[in-house]
Amino acid sequence: MATTPWHLLTSTATVTNIAWDSGADGIPWGDSPSGTPSVACMLQPVSAGDALVYGRDTTSQMYDVFLAPTDSTGAAWDCSPRDQIAIGGVTYRVAGKPRDLCSLGVVKHLVVELDTN
């Protein structure tokens, strides 16, 4: 059985699930409750070639993030495109759902973009 390659996941990430709501005026706003405990990860820039292949804007700062399937407490975690992820003190916007790399439950892959707000 395959195991998570902990020696490659040298950084830590905190996924913050944003709770969206709207006020009486109908304007949506987001509230960021507590994030998940830390998740081991590795951050890599997406190359311009990948950006062209997948039809992404080459001027945006996109990154591939490879993450452990469980957080530091051993619990499974999840996120959505409405959420944020912080790695090394930098906040990124989640650009899609995490997917199970190789369908083995050992590494999750996520694409993020630099959050300039």
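Of the 117 residues in the protein chain, 34% are buried, where buried means under 20% relative accessible area, exposed means over 50%, and partly exposed lies in between (1.4 Å probe, protein chains only). The structure is a predicted model, in which local features need pLDDT of at least 70 and side-chain atom pairs count only at pLDDT 80 or more, while totals for chains, interfaces and linings use all residues. Residues are numbered from 1 along each chain as its sequence is written, and side-chain values use heavy atoms, with hydrogens and water left out.

The protein chain contains 1 helix and 9 strands; helices (H or I, at least four residues) and strands (E, at least two) are DSSP runs, numbered from the N terminus. Read from the N terminus, the order of elements is β-β-β-β-α-β-β-β-β-β. Contact here means heavy atoms within 4.5 Å. Among contacts between residues at least 6 apart in sequence, 53% join residues at least 24 apart.

Strand pairing comes next; two strands pair if DSSP finds at least two bridges between them. Strand β1 (residues 11–16) pairs with strand β4 (residues 39–45) in the antiparallel sense, over 3 bridges. Strand β4 also runs antiparallel to β5, to which 5 bridges join it. Cysteine 41 in β4 is a handy residue to look for: serine 11 stands opposite cysteine 41, and leucine 67 in β5 is a bridge partner of cysteine 41.

A salt bridge is a side-chain nitrogen of Lys or Arg within 4 Å of a carboxyl oxygen of Asp or Glu, and the whole structure holds 2 of them. One joins lysine 97 to aspartate 78, with the closest N and O atoms 3.0 Å apart. This pair links distant parts of the chain, 19 residues apart: lysine 97 sits in the loop between β7 (90–94) and β8 (99–100), and aspartate 78 in the loop between β5 (62–67) and β6 (84–87). Lysine 97 counts as partly exposed because its relative accessibility is 47%, and aspartate 78 is also partly exposed, at 43%.

Glutamate 113 and arginine 93 form a salt bridge too, at 3.5 Å from N to O. Here glutamate 113 in strand β9 (residues 108–114) and arginine 93 in strand β7 are 20 residues apart. Relative accessibility is 23% for glutamate 113 and 27% for arginine 93.

What is the nearest side chain of opposite charge to lysine 108? It is aspartate 78, 4.7 Å away, and lysine 108 is buried yet has no salt bridge; Lys and Arg count as positive and Asp and Glu as negative, with His and the chain ends not counted.
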